[in-house]
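Subject: Handing over a structure, with notes on what was found

Dear colleague,

I am passing on the structure below, and after it I set out what was found. Please keep it open beside this message as you read.

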Amino acid sequence: MNSVTTYSATTTDSDATKALGAKLARLLKGGEAIELSSDLGGGKTTFVQGVAAALGYAEPVTSPTFTLSNIYRLADGREIHHYDLYRLNEGGIVGDELAEDLADDNVITLVEWGGVVAGVLPEDRLRIDIEVTGDDERQFTFVSGGPVSERLVKELSA
Ligand code: ADP
Ligand code: MG
């Protein structure tokens, strides 16, 4: 049995969500899988913007709704692979690409709308569930599924 650890946080504007993304970014090494879940407009992409900016990525970050994935190359050689699978009906070739990313310790993988690739995502992923609790208020719950994501949740809570 994997132990499940959770961390919760509330943000009341986009900047606070980006700051929360930055807080997570500082803990990432590479090889992590992160699945973001919320309704449309929940703040998934805003969170990813905070992660990328904190890792020194200076270009604009937008949801890859039509391209399905974006790659952000970091100065230290690592890469963020940002998926948005809202428009994908079956995992297929994108699922294969995702599986390759997940096997690469140089890649930090962040997935929006990952339900369609549930069979590809590892159990040991960091799940970030976002609830819209007001116009500008978002309730974040970080849930671990194994040792790698558990370290992240514990360090976020520390
Ligand atoms: P998603 O990727 O989940 O569809 P986005 O990050 O693209 O969501 O959009 C979130 C929207 O909600 C943006 O328009 C943003 O300005 C707004 N917003 C309001 N409050 C917050 C908050 N606390 N955190 C994140 N986004 C917020
Ligand atoms: Mg998005």
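A salt bridge is taken here as a side-chain nitrogen of Lys or Arg within 4 Å of a carboxyl oxygen of Asp or Glu. Please bear in mind throughout that this is a predicted model.

By this rule the count comes to seven salt bridges, and one of them joins the side chains of Arg 125 and Glu 35, with N and O at 2.7 Å. Arg 125 sits in the loop between strand S5 (107-112) and strand S6 (126-132), whereas Glu 35 belongs to strand S2, so the pair ties together parts that are 90 residues apart in sequence. Glu 35 has a relative accessibility of 8% and therefore counts as buried, since buried means under 20%.

Another salt bridge brings together the side chains of Arg 78 and Asp 76, at 3.0 Å from N to O, and Arg 78 is buried as well, with a relative accessible area of 15%. Glu 155 pairs in turn with Arg 151, their closest N and O atoms being 3.3 Å apart. These two residues are four residues apart in helix H4 (residues 147-157), and are therefore separated by about one helical turn. Both count as partly exposed, Glu 155 at 37% relative accessibility and Arg 151 at 23%. Salt bridges that share partners also bring in Glu 32, so that Glu 32, Arg 151 and Glu 155 form one network.

Next comes the metal site. Which residues coordinate the magnesium ion (ligand 2)? The ion is held by Thr 45 through OG1, Ser 63 through OG and Glu 112 through OE, at 2.2 to 2.4 Å, and the spacing of these donor residues in sequence is T-x17-S-x48-E. Thr 45 lies in helix H2 (residues 44-54) and Ser 63 in the loop between H2 and strand S3 (69-73), so this pair ties together parts that are 18 residues apart in sequence. Thr 45 counts as buried, at 16% relative accessibility, while Ser 63, at 26%, counts as partly exposed.

Helix H2 gives the largest share of the lining, with three residues, and the lining as a whole divides into three nonpolar, seven polar and four charged residues. Gly 41 is found in the loop between strand S2 (33-37) and H2, and counts as exposed at 58% relative accessibility. Between Gly 41 and Val 153 there are 24 Å in space, C-alpha to C-alpha, and the two are 112 residues apart in sequence.

Finally, a word on the chain as a whole. The chain has four helices and seven strands, which follow the pattern β-α-β-α-β-β-α-β-β-β-α along the sequence. For 158 residues a compact globule would have a radius of gyration near 15 Å, and the 14 Å of this chain agrees with that. The C-alpha trace spans about 35 × 35 × 35 Å along its principal axes, and buried residues make up 49% of the 158 residues.

With kind regards

Conventions: Residues numbered from 1 in each chain as written. Chains lettered and ligands numbered in written order. Predicted model: local features only at pLDDT ≥ 70, side-chain atom pairs only at ≥ 80, totals over all residues. Heavy atoms only, no water. Donors = N, O, S within 2.8 Å, 3.2 Å for Na, K, Ca; no water. Buried < 20%, exposed > 50% of the residue type's maximum accessible area, 1.4 Å probe, protein only. Nonpolar A, V, L, I, M, F, W, Y, C, P; charged D, E, K, R; others polar. Rg over C-alpha atoms; globule rule 2.2 N^0.38 Å.
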